[in-house]
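Hello,

Here is the structure for your files. My notes follow below it.

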Amino acid sequence: MKVAIQCDSPLLQRSLELFLEGHLSSLRQCDILIRDKNIHDDQYPTFVVGVGGSSDLIKPFSKAQLLHALNQKFESEKYAPVAIEEETFPSSEEGVSFDILERHIDKLTREYKENILKAIRAFYEK
């Protein structure tokens, strides 16, 4: 799946770029265009992120919610589904154990702890 992003909000634009890092493409080569305003354009299939009821995804959202909403949009429009990373959503059907998930959580917890300690040290060293 190839995604192009056109948002008026620079914060939303950057967030979407980070969430969809491996799926970004130019406007000419995209399968779907993500916007923060509902603009009817027959040239590109559009996915709208906003606060209104006519949006495909309501703000605020997580990466998982974004990928899920994109999957639903593709399925309803008969497009290919979004490839969801195995590490993000381990499947029990494939025999992935909870050990992998536990190690990933431990890694994230250590990184979070280190970042908090850095911030506290920087604050008190001033």
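Strands β3 (residues 46–50) and β4 run parallel and are joined by 2 bridges; strands count as paired if DSSP finds at least two bridges between them. Val-49 is the residue opposite Leu-57 in β4. Helices (H or I, at least four residues) and strands (E, at least two) are DSSP runs, numbered from the N terminus.

This is a predicted model, in which local features need pLDDT of at least 70, side-chain atom pairs count only at pLDDT 80 or more, and totals for chains, interfaces and linings use all residues. Residues are numbered from 1 along each chain as its sequence is written, and side-chain values use heavy atoms, with hydrogens and water left out.

On its other pairing, β3 is parallel to β2 over 3 bridges, with Leu-33 opposite Thr-46 in β3. The open sheet has 4 strands in the order β1-β2-β3-β4, with parallel pairing. Its edge strands, β1 (3–6) and β4 (57–58), each pair on one side only.

Helix α1 (residues 10–19) packs on the sheet and touches β1, β2 (32–35) and β3; contact means heavy atoms within 4.5 Å. The direction of α1 makes about 165° with that of β1. Axes are lines fitted to C-alpha atoms, for helices over the stretch in contact, and angles run from 0 to 180 degrees between N-to-C directions. Helix α2 (residues 63–77) lies across β2, β3 and β4, at about 145° to β3.

As for burial, 5 of the 5 residues of β3 are buried (under 20% relative accessible area, 1.4 Å probe, protein chains only; exposed is over 50%, partly exposed in between). Thr-46, Val-48 and Gly-50 lie on one side, Phe-47 and Val-49 on the other, and both faces are covered.

Regards
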